[in-house]
Amino acid sequence: MKSVYKVLLAAVLVAALLSPLASSNPDGLERVATDLDFIEKGEGSQVMESPVPDYTFPGIENGAVATAVAGVAGTALTFAAMYGLARLLKKRVGH
Amino acid sequence: MHIPDGFLNAQTWAPAYLLSAGAIGYSIKKSREELNERQVPRLGVMAAFIFAAQMVNFPVIAGVASGHLLGAALAAIMLGPWSACIIISTVLAIQMLFFGDGGITALGANMFNMAVMGVLAAYLVYGLLSRILPGSMGRNASVFLAAWFSVMAAALMASLELGLSHSVHQVSFGFILKGMLGVHTLIGLGEGLITVAVVKFMEKIGFAGGKGAGEGVSRS
């Protein structure tokens, strides 16, 4: 199997199997913002609605499954977007 | 450390957009000179892998906080700094647009912290240390420290931006800096361990290409 397929498979496995096991502790910035009492500045300030908030695919009751589905969908989307962008960049080299 | 909307004032996030746009524009220009047919899918899968890995938060400081892979060092070491900047920027844009992770106003700042300064720190540290530290242990140490410094550089930049946004939160810069560097010192250790392991894995399966991992950095 070509190495790019192996890394892509690894990415899908990480998204599907490991993402539901992620720690739900606040991340470094959230921790600091909470400790220093400005976390609420971010609450309700979001400018734009996102289709899959908090990496939880809407309409799926099981939380672990909702996260795994969001993870695999995001991984596929990221691959497609980056592949397409890199292809555009590459094409302009040759012409 | 994806900064959400509401944490930064416009005097901070607007210039951060300009800085990122300049750096990403330059990265695109440079990558056009070196992207070949074989690189295209590798950029795609590297971005996909980093997106997936960024979902997996690991706990630090006994349940009080968590961190996840940034991937700036991983991408810079495997594919070079120009591709790495574009890859991390793409991941950040998708996280913001589709998953509400990081705010649209703060996207320029987040890209500047992680895709520009995180990648730059990793590239410089790896470029320097991999030349002076011998053997496979030296290589592991170079990868580990490049990853650790990439997280610290991004945390430092986020601290500066939050410090410049004093009007928003009235918290002194010193407290922000101390908090951010403190927690990211530990998150950086996780970044280092994961990056060493993933570089080894990618090298083993031949993802780095014929010249081996580190090709990206040494080639530039």
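Is B:Lys30 buried, exposed or partly exposed, and what is its relative accessible area? The points below take up this question along with other features of the structure.

1. The model under review is a predicted one. B:Lys30 is partly exposed, at a relative accessible area of 23%. Its salt-bridge partner is B:Glu33, and the closest N and O atoms of the two are 3.9 Å apart. B:Glu33, for its part, counts as exposed, with 55% relative accessibility. Both residues belong to helix α1 (residues 10-34) of chain B; because they are 3 residues apart there, about one helical turn separates them.

2. A:Asp35 is exposed, at 51%, a value over the 50% limit for exposed residues.

3. Another salt bridge joins the side chains of B:Glu203 and B:Arg139, at 3.3 Å from N to O. This pair links distant parts of the chain, the two residues being 64 apart: B:Glu203 sits in helix α8 (residues 173-204) and B:Arg139 in helix α6 (residues 135-164), both of chain B. B:Glu203 is partly exposed, with a relative accessible area of 31%, whereas B:Arg139 counts as buried at 18%. Salt bridges with shared partners also bring A:Arg87, A:Lys90 and B:Glu37 together in one network. Over all chains, the structure holds 5 salt bridges.

4. Leaving aside residues up to four places away in sequence, B:Met202 touches residues in both chains, among them A:Val7, B:Met46, B:Leu74 and B:Phe207. In soluble globular proteins, nonpolar side chains tend to be buried together.

5. Where does B:Asn110 lie? This residue is in helix α5 of chain B, and it is buried, with a relative accessible area of 2%. Beyond residues up to four places away in sequence, B:Asn110 touches several others, including B:Met1, B:His2, B:Ile3 and B:Leu92.

6. The two chains share an interface in which 54 residues of chain A are in contact with 64 residues of chain B. About 5100 Å² is buried between the chains, and carbon and sulfur atoms give 76% of that area. On the side of chain A, the residues that lose the most area to chain B are A:Leu29, A:Tyr55 and A:Met82, together 14% of what that side buries.

7. Charged and polar pairs also cross the interface. There are 2 salt bridges between chain A and chain B; in one of the salt bridges of the structure, the side chains of B:Glu37 and A:Arg87 meet at 2.9 Å, N to O. The count of residue pairs in polar contact between the chains is 14. The elements giving two or more residues to the side of chain A that touches chain B are α1 (3-18), α2 and α3 (63-94) of chain A. Of these, α3 gives the most, with 18 residues. The residues on that side divide into 32 nonpolar, 14 polar and 8 charged.

How values were computed
Residues are numbered from 1 along each chain as its sequence is written. Chains are lettered from A and ligands numbered from 1 in the order in which they are written. This is a predicted model: local features need pLDDT of at least 70, side-chain atom pairs count only at pLDDT 80 or more; totals for chains, interfaces and linings use all residues. Side-chain values use heavy atoms; hydrogens and water are left out. A salt bridge is a side-chain nitrogen of Lys or Arg within 4 Å of a carboxyl oxygen of Asp or Glu. Buried means under 20% relative accessible area, exposed over 50%, partly exposed in between (1.4 Å probe, protein chains only). Helices (H or I, at least four residues) and strands (E, at least two) are DSSP runs, numbered from the N terminus. Contact means heavy atoms within 4.5 Å. Buried area is the accessible area (1.4 Å probe) that two parts lose on being put together, summed over both. A polar contact is a pair of N or O atoms within 3.5 Å; within protein, one must be able to donate a hydrogen and the other to accept it, and residues adjacent in sequence count only if both atoms are side-chain atoms. Ala, Val, Leu, Ile, Met, Phe, Trp, Tyr, Cys and Pro count as nonpolar, Asp, Glu, Lys and Arg as charged, and the others, Gly among them, as polar.
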